[in-house]
Amino acid sequence: MDKERLIAEASRLLDEGYDGVLGLRRRWGHIGPYLFTSKEELPEMETEPRYMLAATMRQLRNKWPDKKFGLIARGCDERALIKLEEAGLFEKDGSGFIGIICSNEQAEECNCEKPIYETHDCSGCWKCIEACDKEAIERINACPIVVPGEFDQGLAKRKAIYIPFPQAVPLKFTRDAEHCLKIRGELDCKGCANVCEAGAIFNEDEAKEEEIEVGSVLLAPGFDPFDATIKGEYGYGRIPNVVTSMEFERILSASGPYLGQVMRPSDGRHPVKIAWIQCVGSRDETCGRDYCSSVCCMYATKEAIIAKEHDSHIEPTIFYNDIRAFGKGFERYVESATSKFGVRYVRGIVSTVKEFQQTNNLLLEYGGEDGQKVQEEFDLVVLSVGLTPSASTKALAERLNIDLDRFGFCKTSEFQPNSTSRPGVYVAGVFDAPMDIPESVMCASSAAFLASEEIAEARGTMVTEKVYPSEIEVTTEEPRVGVFVCRCGVNIARVVDVPRVTEYAKTLPHVVYAGENIYTCSTDTQDKMMDIIKEYNLNRVVVASCSPRTHEPLFQDTIREAGLNKYLFEMANIRDQCSWVHATHMPEASDKAEDLVRMAVARAVTLQPLHESEAAVTQKGLVIGGGLSGMTAALGLASQGFETVLVEKDKVLGGNLHHIHYTLDGNDPQELLTSLIEQVESEPKITVYKGAEVKNTSGFIGNYKTVIEMEQGDTEEVEHGTVIVATGGTEYKPTEYLYGESDKVITQTELEGRLADGGEDIKKLNSVAMIQCVGSREEDHMYCSRVCCGQAIKNAIELKDANPDTEVYILYRDIRTYGMSELKYREARDKGINFIRFDVERKPEVSETNGRLEIKVFDSVLGTDIMLQPEILVLSSAIRPQADAAEFASKLKLPLTQDKFFMEAHLKLRPLDFVNEGMYLCGLAHSPKTISESITQAKGAVSRALTVLSKPQLMISGVVSVVDPSQCAACLTCVRACPFNVPRITEDKVAYIEGAACQGCGICASACPRKAIKLQHYTDEQVIAKTAVLCNT
Amino acid sequence: MAEDFEPKVVAFCCHYCAYSAADLAGSMRLEYSPNVRVVKLMCTGKVDTLHLLKAIEEGADAAFVAG
């Protein structure tokens, strides 16, 4: 065996007095370079994968020129070193070489025809390499370097020249300076340069430093997944079928290493039993990560569901501590995971993962509910790794002089979220704290708000507007179509016969020009295209190349510069939807390309110029709701320079914030409240209507009119460009657990009020019990109220601090102290607060006899009933939407969720927007949340509103639906069909569609029974034009 | 039906999803049969019975709506 030979040769070198032999060895789960200095270590040597050692060798030799080192070298290492020696960067003498023969598979991957030589009898004269060197370099016609791909978490390989991930923007190749032989100077490799037709390979480029003057800095450096090798007991890095959740994410992906097939890395077998282990690198002091990563419970649930959807044989099991489904819609999702998908949740910490040698299956050992040790076999284990700050952010923080917390997250303060310790530097995303996608989006908007707040006055001052020539009138002319067929280097031309398609295009009706380009999108081709448009008097342009999703705006801009309306343009996608997907059907691909060009030309002939109109924007904001979120939003708009109307239903501002007296972090919300009210009332740009309600709102983005009704019945109409809904929520008044019947049963808010009053009676209590999830997570209210666990712990700690002798019991289902509030949970446990877990099927029973409260609760850990006799019982009651949410929503035509909170445009990606354009959402009206989160969301909503308010005009796209009033029967079909509530019936009893509000989907046009509506640019004629020439007859 | 019959399929695709998916298939070089001709719409809600019938009338062997 080759390895034995290598060991024997290395052993010989060590015997001969070499100081060490450089080879590969597995340590901490990874294979890497290792200097073997004793013979005992040699059996640990690894021979795969291929790993360039030339650079390490050079460093060794340079550092210790007097020592002698051996190298386990492949042909490419030797070629590299010979080049380095030629350049005077390496001294061959004192080096001993042991050749390692690459496998055929490796040689194939590297495009290396053969391992260079058999080394058994080699004397190391190097002459053979010198002879073959030149040839070897020229032979390479693609990148020879293969390394594990980062995006696929190392499960698939990539070259040193690569596209980082399939949906990268821009979709262009980049070179990996760490591995590229040419960039590293190890070899004069021309692999990529030999084949690049665009001449885009530059070797002379180098890092440049630029100085840019900015008004503020926004940090969004993201996170690193926790390094699972640190938790050695789970075997990650040693056991192939133990993967991280990030790796499993790639395994599930249709664009991933297994193309969406759920397979195990060890043998490609489809796993049946898959286990997720939660909290790997989270809530764990032993690895210095005692915070909760906030997202793992949900992503594990998602992965389990998706795995099940991919392969119904899969039996997913999730091992967890607490299920933290605290986000909007999460509780229902977890509920569906169990009820609909059969995901099994097991509460228990897995202590070890062992591998069966024969099957590569895994044996998990965990503590069951009853405390017994349980062993269970699985096919695949997924480690739900936590979120840690990126490795590079520490240095970044030092350079920027901002403070980090002890974990390396950016330090921010509770009432000034997204602001770092240094003025003018802001933070968003997981660098702030572990968070999910919607929170990241909200944070990003909030940070963008902050970054523009100080420099609001400079808004727009550096913009230079592009001026286009006036448009040529084409409607009276015969169509004259020009067709530009793109070769896209070889991307199209390798598969599609581009000259044939171009010649074919010339034969099509109305085509007066057809030509081909190597790259139609290159700058010089744009100039050429403009010349041709003028020379041939083209009035319609077709480009047959790639996707209009990426390139249509570029070509439209070009034809505008040539004086044509941008809507006189059409594309045929002969790359993404032809050459790239039919590489093995070349003749058919060329036929299809001809068809696509014919269809594009047919449509182009029907195209009409459309004009994008401008609608004036009322640069004034309306904020509905004067609580924490509403006031923050109003102040935000004002600080950015916009007049704002704030409408509050109550006679005083402040909302729920009046009832919060301290926070988990020890800050004073009442101070914040007083300051906010003062600022709002003294801000000249804000008009406050108290004791007032919105009666109705009409209009569209940039141009709303709202009637506000005052208490006495007076009304006032205001005009505004945007709406921010911050109508808040309320506390649920429990009907269970004797609330309202016994004065010893109170809510957390009531307790907090009494604690804040400094009531002496509270300090004398011997025993207090709290019950969590009152009105949350059950039946009709299948959502988590998010803040109650933190609130209970906050009040419990307060009770303990006031009187350490008070016994406090928290009866809970799952403790959901996500993020950094986990530290407070730990503190509470350390302070001796008792946590008793109950199941929803066996809720605590509360009774009162002779003025004594008695609670019977089944402790599922002890497996027995426990009797408690607290002096008071505190209920962590749910946050409910406003009682009049549905009525209010109908006034603004806003959608609500099943739970009657307002529904955003997209749960993950657009958490601050309504589908109704120009309307935004924040605070409890969106879902339960903390003070800090409300502030972030309010500022984020302002940021969204600014995208409209900051411009005096709004451009209205040409692709909108228009009604022909003479045909309209006012049947209301369009009014009902429109998902955006745009069509309305005018006083003339016809439908009207406001262009500024229309999204251009065309649903109304297809629904209209009299064809009175047409979607411009996609009229029936224009759609049918394509299919009419589907067959070439 | 002839052995070598190759159907022509017209696919009405939504700009935002199915059309993007077809592009993604391209960038991933996923091969499929070259019988499909995609017609892009802003939303498949725009597809009218008329469009489907016209396509069949003009020789399409199948119409496919994806969005």
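This report describes the overall build of chain A and one of its sheets, as seen in a predicted model.

## Chain A as a whole

Chain A has 1033 residues, and 46% of them count as buried. Its secondary structure comes to 28 helices and 49 strands.

A compact globule with 1033 residues would have a radius of gyration near 31 Å; the value for chain A is 34 Å, which agrees. Along the principal axes, the C-alpha atoms of chain A fill a box of roughly 100 × 85 × 55 Å. Among the contacts in chain A with a separation of 6 or more, 69% are between residues 24 or more positions apart.

## A sheet of four strands

In chain A, four strands form an open sheet with parallel pairing, in the order S23-S22-S24-S25. Strand S23 (511-517) and strand S25 (569-573) of chain A each have a single partner strand, so they stand at the edges and one side of each is left without a neighbour in the sheet. From one strand to the next, the twist averages 15 degrees.

Strand S22 (residues 481-486) and strand S24 (residues 540-545) of chain A pair in the parallel sense over five bridges. Within this pair, A:Phe484 stands opposite A:Val543 in S24(A).

## Helices across the sheet

Which strands does helix H13 of chain A lie across? Helix H13 (residues 498-506) lies across S22, S23 and S24 of chain A, and runs at about 170 degrees to S23(A).

Helix H15 (residues 548-561) of chain A lies across S24 and S25 of chain A. Its direction is at about 145 degrees to S25(A).

Note on methods
Residues numbered from 1 in each chain as written. Chains lettered and ligands numbered in written order. Predicted model: local features only at pLDDT ≥ 70, side-chain atom pairs only at ≥ 80, totals over all residues. Pairing = 2+ DSSP bridges. Helix = DSSP H or I, 4+ residues; strand = E, 2+ residues; numbered from the N terminus. Axes fitted to C-alpha atoms, helices over the stretch in contact; angles between N-to-C directions. Contact = placed C-beta atoms within 7 Å. Rg over C-alpha atoms; globule rule 2.2 N^0.38 Å. Buried ≥ 20, exposed ≤ 12 C-beta atoms within 10 Å, placed from the backbone.
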